[in-house]
Amino acid sequence: MKKAYLLLLLLGLISVSSSLFAQNLGQIAGKVQDKNSQELLIGATVILEGTSLGAQTDAEGKFQIKSIPPKSYNLKIQYIGYESKTIYNIVVTTGNILTFTVELEPQTKGLNEVLVQTRTFGKKTETPLSIQSLTAEEIRSNPGGNFDISRVIQALPGVGGNTGGASFRNDIIIRGGGPNENVFYIDGIEIPVINHFSTQGSSGGPQGILNVSFIQDVTLASSSFGARVDNTLSSVFTFKQKEGNSQRLQGNVRLSASEFALTLDGPLTKNTTFLASARRSYLQFLFMALDIPIRPNYWDFQYKTSTKINDKLTLTTLGVGAIDQFSFSVPKESSPEKEYAIRSSPNVNQWNYTLGTVLKQKVNRGFVNYSASRNMFNNRLDRYEDGKEKDENFRTLKIESQEIENKFRVDVNKYLGKWKYSYGAMMQYVKYNNQTYNKVSNGIYDTLGNLLSPPLTIQFASAIEYFKGGVFGELSRRMLNDRLNLNFGLRTDVNSFTKTGRNPLKTLSPRISGSYALTEKWSVNATVGRYFKIPIYTVLGFRDAQGEFVNKDNEYIACNHFVTGFEYLPTSSSRITLEGFYKQYSNYPVSSYSGISLANQGADFNILGNEKTNSTGKGRAYGFEFFFQQKLSKNIFATLSYTWFVSEFSGVDGVLKPSAWDNRNLISAILGYKFKKGWELGMKYRYAGGAPYTPFDMDASRSNYLTTGNGVYNYTQLNTLRVGSFNQFDIRVDKKMNFSKVTLDIFVDIQNALLISSESFPSYTFERKADNSDWQSTDGKPVQTNGSNATPVILENVSNTVIPTFGFILEF
């Protein structure tokens, strides 16, 4: 903390010295196009609000504004016959030329300027409710976000990421649904893995992969999904990347307490631009210095190219990849907590990539997208009994698996007067390989030596390949003097692997949504829809001892959405929403071994779903959410959200019980202020109610701890207990200094600045000797493998750790 305050003093001294430099100016550039046809708009007006600076688009729909004093602005785009649009909180610097691609919608005669401002907040004709939008600057400056998109979106309504106080993970929980119920698209290409050290069968991990320097904006839809999107039950994240600067090579270097990142963008040819980045973590060295036994280590890479082939064709290529290593080292000074960390979690070695190409063709009254992509996720987990690494006699876990998807999609998007319609299809060729050895438990005996529960070891090798396909259609129409907007969608999906997967009627998923403008500032919105998701690969690829695929009879998971709410626009830059939701699940996978739903197992660094399951589980999630958002106005921006929800799922007993992410209450608030001379202050507060957990079976835990490194849960008391609530206050201070074609941003970001204690799930272990050299036995002899002469200890995991991060961003 002292270092952080000293750095703030240093920023003040630098601020005084930087004022001695002459005024330097920045610029922005971009293009404006019709959203429906993708045709470039000639003569559109682009204005920096509060100034006399502006420009008009040229014959190629491009604009450029030069000689801009560096600071934050709102950018307003107008064109006759079209709804105006405002992009808020644009930070102009001398180091980089900001580039924007702006899409305008044709003007509706029944709505005035206030109503059309809903576009500012991401609202679309196809998705009129349950939608939020963030700009790149809102992500970059988010307190406690550490430039991590996955962490920043947890401040949005209905979004939770904290299960049992595990604030270091990015398990995105949307309205009580699981982390694997979300899908992520970047410029039309699906990205299955967006976090480092991802839990296979889920989507969470401790650190995001995506580079915020690539992002123009992010949109979250938590219901009313467009029919073109498949395999989602809880949310769709759409990341729109900016295009590379076409004028000159530029970039930025980011250095912080945990990582180093380099980003470049610029022209490759006359008609092609690029963006490229690489990032390297050095957390392993920091943890080594602090004598923490965890050794996380990662790289990630990202690129994008944009090529204008001719007036009708544009080609985009993109790629995202990561290399992850998560291991443990013997600490210099041992403790029960450190010993538990070493024994409970596996070593993780992962790599993943996604490569994609999108060809956009303009056609009469619309456009067509053709996309092809390939993604692969390679995962290896290793764990050894009592920490005896690399000794195969003591191995308890070895998993080597690969998920490979090859995808092709085509979607046609057309308009005719007030009608908008789209249709298309997708095809995937999927491969999944898995080699598993998992010593789940030892045998459990009573005091007389009678066997109460036999030992369980899962060992198999599996390889599957199959096809997935889907078709969709969507229709939108404005009516009643353009005050009513309706959208209808229909989709079906099939696959060649599961027993019922070839029947398109089993996955017929209709959806309808509507929005009605009650007044100039009030609107009411509603949606009803049915959505499907195929079981995860770890479930589909599991084989039993006889080598049979025992989960081929699993069904697509189904979820019905019922959502309604109000929207109020006090001003053109502010928004208030109130929505109620009900989600009804069926065909949810239930473990045949434990009899509980996979939704009640939570997520860690292991693997989810690698077992026999059946599709008998049901579930429900319901609640309401309130959200207030103030875009940048008079140097202030703010958000406030509150969500109350219940999330329950049933196992083989058919009884609905709290899911692993049933936090009940979520609160998030952000307040930011932009001072003069490049100073900016941001504050964020997050609250999550206590997550449920299952107590340990003390006898089974004693018998298995030295083998598995974990306690064994008593599922007869499934999720009957709760940890304490999670609270965290973060603060961030930025100071930007603009020189000739160079900008330096020095920042201090303090997570949990008020030292608030948060409780994680308790851990099971054995008592250790006073000097922590070995386990403490009850008879003075070495502890037996079955733990009969050990003393069980429950570790209460409470932490109030403050995480100060300071660093700089150099734009050039």
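Confidence first, everyone: this is a predicted model, and the mean pLDDT of the protein chain is 88. Of its residues, 90% reach 70 or more.

Now, on to the aromatics. How many aromatic pairs does the count come to? The count comes to 33. Let me walk you through one of them, Tyr 585 with Phe 649. Their ring centres are 4.9 Å apart and the planes meet at 55°. Stacked pairs need planes under 30 degrees apart and edge-to-face pairs over 60, so an angle in between counts as tilted, and tilted is what we have for Tyr 585 and Phe 649.

Where do these two sit in the fold? Tyr 585 belongs to strand E33, residues 574–591, while Phe 649 belongs to strand E35, residues 636–650. The pair therefore ties together parts that are 64 residues apart in sequence. And are the two residues buried or exposed? Tyr 585 is buried, with a relative accessible area of 2%, and Phe 649 is buried too, at 0%.

Last stop, charges over rings. Arg 254 lies over the face of Phe 147, 4.4 Å from the ring centre. Likewise, Arg 732 places its charged end over the ring of Phe 747, at 4.6 Å from the centre.

How values were computed. Residues are numbered from 1 along each chain as its sequence is written. This is a predicted model: local features need pLDDT of at least 70, side-chain atom pairs count only at pLDDT 80 or more; totals for chains, interfaces and linings use all residues. Side-chain values use heavy atoms; hydrogens and water are left out. Rings of Phe, Tyr and Trp (its six-membered ring) pair if their centres lie within 6.5 Å; planes under 30 degrees apart count as stacked, over 60 as edge-to-face and the rest as tilted. Helices (H or I, at least four residues) and strands (E, at least two) are DSSP runs, numbered from the N terminus. Buried means under 20% relative accessible area, exposed over 50%, partly exposed in between (1.4 Å probe, protein chains only). A charge sits over a ring if NZ of Lys or CZ of Arg is within 6 Å of the ring centre and within 35 degrees of the ring normal. pLDDT is the predictor's confidence in each residue, from 0 to 100.
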